[in-house]
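Take a look at the chain below.

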Amino acid sequence: MKNFTFAMKWHEILKPYSDDIRREVYDAIIEYVATGTVIEMQPLARIAFDFIRYEIDEKARRREARLAKKQQVSSATQSDDADRITDMYYSQKKAPEPVTVSNGGVSITMNKERIRCFVKQCVKDMIAKGRKPGASDPKFMSSLDCLVTNRFEVLRDDLISRRPTAPLSEDLWNAIIQNAHSEFSA
């Protein structure tokens with residue numbers, strides 16, 4: 001756990017106990033939060049600590065559940081944004097044209113469906129790097145156009161030379177080798 005909140009009610013509950021017991025419980029709390037281990041302590045301190053530990057664990061479980069839900073919502077929103085922006089990109093007629101590249105007996109067709117997946121992955125990469133598109137942000141669309149054009153040229157050159165230099169090309173070559181032609185990712 002990176003950090004935690006020390007509840008003042010713990011201090012209030014431990015006030016009537018001796019300084020040794022309180023100190024033992026405080027040390028146990030800090031050790032537990034920092035390392036996840038439970039140290040040896042007197043029986044009375046152990047009882048108090050166990051109640052506090054239960055509360056610390058419960059707060060951690062709720063925080064993890066909240067973060068997981070937030071990440072799930074963010075992922076769904078990002079996918080919806082990527083679809084919407086990809087549609088907008090296509091409506092501006094900026095998408096690369098389908099192309100077939102042949103080299104050494106290997107022919108690869110970048111059809112409309114693959115190009116759409118390619119553009120969508122470029123959009124996702126931009127969003128993942130913190131670029132937030134507006135309703136019709138010309139700056140975002142211009143950056144996307146540059147990214148798609150540059151990546152597409154690198155991909156095409158790598159396919160022609162059969163020397164993958166970009167991670168996208170390596171993924172595509174691996175997919176070709178494994179006969180998994182349907183989709184690839186950047």
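In which helix is I13 found? I13 sits in helix α1, which spans residues 8-14. Keep in mind that this is a predicted model.

Is I13 buried or exposed? Its relative accessible area is 53%. A residue counts as exposed when that value is over 50%, so I13 is exposed.

Now step back to the whole chain. There are six helices and two strands. Along the sequence they follow the pattern α-α-α-β-β-α-α-α. The accessible surface comes to about 11900 Å². Carbon and sulfur atoms hold 52% of that surface. Of the 186 residues in the chain, 31% are buried.

Next, go inside. The largest nonpolar core has 19 residues. Those touching the most other members are I85, Y89, F118, M141, L144 and V148. Helices α3, α4 (112-128) and α5 (138-161) each supply at least two residues of this core. The most come from α4, which gives seven.

Follow I85 for a moment. Leaving aside residues up to four places away in sequence, I85 touches V123, I127, P133, F140, M141 and L144.

Finally, consider contacts across the chain. Among those with a separation of 6 or more, 54% join residues 24 or more positions apart.

Key: Residues numbered from 1 in each chain as written. Predicted model: local features only at pLDDT ≥ 70, side-chain atom pairs only at ≥ 80, totals over all residues. Heavy atoms only, no water. Helix = DSSP H or I, 4+ residues; strand = E, 2+ residues; numbered from the N terminus. Buried < 20%, exposed > 50% of the residue type's maximum accessible area, 1.4 Å probe, protein only. Core = buried A, V, L, I, M, F, W, Y, C linked by side-chain atoms within 4.5 Å. Contact = heavy atoms within 4.5 Å. Areas by Shrake-Rupley, 256 points an atom, 1.4 Å probe, with all protein chains shown as cover.
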